[in-house]
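Me: I would like to take a close look at a single part of this model, and then to see how the surroundings are built. Please answer in one connected account.

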Amino acid sequence: VFTRSPGVEPELVIADTFGSYGLNHKNIQYSEKRGDVGIVVDSSNFKSDGFRQYSAVEREHLNAKFVIETDRGKASIITNYLDNKYAQEPGSLTAAQYRDTPYMAQSANITGKYGKSFIQGLYGLVFDGKISADTNYSYRLYSGNRKLDNPGGVYFVIDRKMQGGAASISTNTTVANMPVKLTTGLEYDYYKDYRQGYANSSGTKGAQNRNEDNIASSYGGYLQSEWMLSEKYTGLVGLRYSAIKIEVIDFWPVSSSNPDGSGSKTFSGISPVIGLTHHLNQQTNIYAQVGRGFESPTMNELLYKYKSTSPGYTNEYDYSVGSAKSFQSEVGIKWRDQNNAMLDFAVFHIKTQDEILPRVSRTTGSTWLNADTEKYGLELSGLKVLPYDLAARGAVTFITAKYSEPAGSAVSGGKIPGIPQSQIYLDLSWRSNGWVNKSKMTYTEAGVDYRVVGKSYANSDNSEVASAYQLFGLKLSHNIKQGPHGLSFFGRVDNLLDKKYVSSVVVNQENRQYYEPGMPRNWIVGVKYSLAMNY
């Protein structure tokens, strides 16, 4: 999410990681700052044979960040290049396939050489400036491109151009004798896909069946205000307007089997939020927030139009799928005890009108619908530093997600598929020189973690279920610091007991191929070397 900024001293980092199923990840990074100019360059190569049949992947990644500091502010220039050489797609499984041969690939995927390869470049500028001691501003600009080869049920070739920008200003002021921080901003994003579709002939392009431009543009504005009501209370009031236009220009000749897919639709919504925080003491905050959310369908969620007769879709955009609007509320508590302990607890409720959900999932021709839904639950997470250089961390989530009306094969009150009803994570770790301060010296660290994921339904009528599962993991590292040199050896084992489990589901898959297996027992080992070059 955040790209590393250049450090004060030049540093070189080299790392290499090996693991099960042919995994290898090589990485080299260099960082330097001279005066007001700094640079971080990071290059990596990742490849794996995959734990399933026909699931190999290889990609190369380069990221560079240049930072220039001036009297007016700081400019960050980012270049990101990704070459996804190939990523094979083995396909999801039926219940019988998962039971008997959980790591197989669908024969059609192998024959059709399903998967994707693409080259993507993204280039951006972020500038953070200061108008006065109380007022800051920021703006960003970016552009990029992506060339995708995607053989599947249809062999898609997509050439994407994208660009956008945003600007914001933030100021500390006083309103009605109360300190207030005001932030306002504007955003604009645009992309255009030149999409061509072909019949997939054993992994090569056959007869063409689609030729169109897909265009999406979005713009919005927001205002957020933080009110210092008193020493004990802080208020939050915000408002955002969003508009998304999706447009298709269909160049394919119109016929009975190929209706005209041209058209456009604009989705818009206003999202307000209001909140209150009670600062109970220096360690504890109690808060409550309510707000409305807005979500438009994506281009892919409009790609095919549902019909009741075989094959179940037409090759045109489905503008009947509308945007989703939700009402959300949350109450919680946050507690901090310096570096020794922390605890977060929240209960939430989300009521959504016209949530966008899959009607039928296919390798080609997935269709979507809207349905009213409701979700509620709780989240708990915490950290505690223990005696004997131990530390315990944990997180728990319980959620009930259900339909509020009939939709497709779902009944009112039925559970929304694809959402685990509970998740638990626990971690107990030991560090040879303790946890209070971040270590800058030689030390050893070891730990065990435990994960529980509850059951989730695979289809809207709740007749198919992915069972709950439990996983254990072990980790061990030894870190050496000697003058300018740093050397780390690390290793980890996941799924220690070699459990068979479903890691995710493909909701409402047409051929009842709902299940995607998780990895069996697997390991990684690696080494990382760092050199502080001005030590």
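In which sense, parallel or antiparallel, do strand 7 and strand 8 pair, and over how many bridges?

Reply: Strand 7 and strand 8 pair in the antiparallel sense, over 16 bridges. This is a predicted model, in which local features need pLDDT of at least 70 and side-chain atom pairs count only at pLDDT 80 or more, while totals for chains, interfaces and linings use all residues. Residues are numbered from 1 along each chain as its sequence is written, and side-chain values use heavy atoms, with hydrogens and water left out. Strands are DSSP runs of E with at least two residues, numbered from the N terminus, and two of them pair if DSSP finds at least two bridges between them.

Strand 7 and strand 8 form a hairpin, with three residues between them. Within this pairing, leucine 148 stands opposite isoleucine 158 in strand 8. Strand 7 (residues 135-150) is also joined to strand 6 (residues 115-130), by 14 bridges, and these two run antiparallel. Four residues make the link in the hairpin between strand 6 and strand 7. Here glycine 121 has asparagine 145 of strand 7 opposite to it.

Alanine 176 has a positive phi, near 50 degrees, although it is not a glycine. Most residues other than glycine have a negative phi, and most peptide bonds are trans. With a relative accessible area of 62%, alanine 176 is exposed (over 50%; buried is under 20% and partly exposed lies in between, with a 1.4 Å probe and protein chains only). Arginine 512 likewise has a positive phi, of about 60 degrees. Its place is in the loop between strand 26 (502-505) and strand 27 (515-517), and at 41% relative accessible area arginine 512 is partly exposed. The peptide bond from serine 310 to proline 311 is cis, with omega near 10 degrees; proline 311 lies in the loop between strand 14 (305-306) and strand 15 (313-314).

A nonpolar core is a set of buried Ala, Val, Leu, Ile, Met, Phe, Trp, Tyr and Cys residues joined through side-chain atoms within 4.5 Å. The largest such core has 24 residues, and those with the most contacts inside it are Ile246, Met299, Leu302, Tyr304 and Tyr317. Strand 8 (154-175) and strand 11 (233-250) each supply at least two of its residues; strand 8 gives the most, four residues. Beyond its neighbours within four places in sequence, tyrosine 317 is in contact (heavy atoms within 4.5 Å) with residues including Arg195, Arg210, Glu212, Val248, Met299 and Leu302. Apart from this core lies another, of 10 residues, among them Ala458, Ala466, Tyr514 and Tyr515.

On the surface, Val331, Trp335, Leu343, Phe345, Val347 and Leu380 form a nonpolar patch with about 450 Å² of accessible area together. Strand 16 (324-337) and strand 17 (341-360) are the elements that give two or more residues to this patch, and the largest share, three residues, comes from strand 17. A nonpolar patch joins side chains of Val, Leu, Ile, Met, Phe, Trp or Tyr within 5 Å, from residues with over 30% relative accessible area and no salt bridge (a side-chain nitrogen of Lys or Arg within 4 Å of a carboxyl oxygen of Asp or Glu); areas come from the Shrake-Rupley method with a 1.4 Å probe, and for residues only the protein chains shown count as cover. Tryptophan 335 lies in strand 16 and counts as partly exposed because its relative accessibility is 32%.

Terms used: Patch = residues over 30% accessible without salt bridge, like charges linked within 9 Å, V, L, I, M, F, W, Y side chains within 5 Å.
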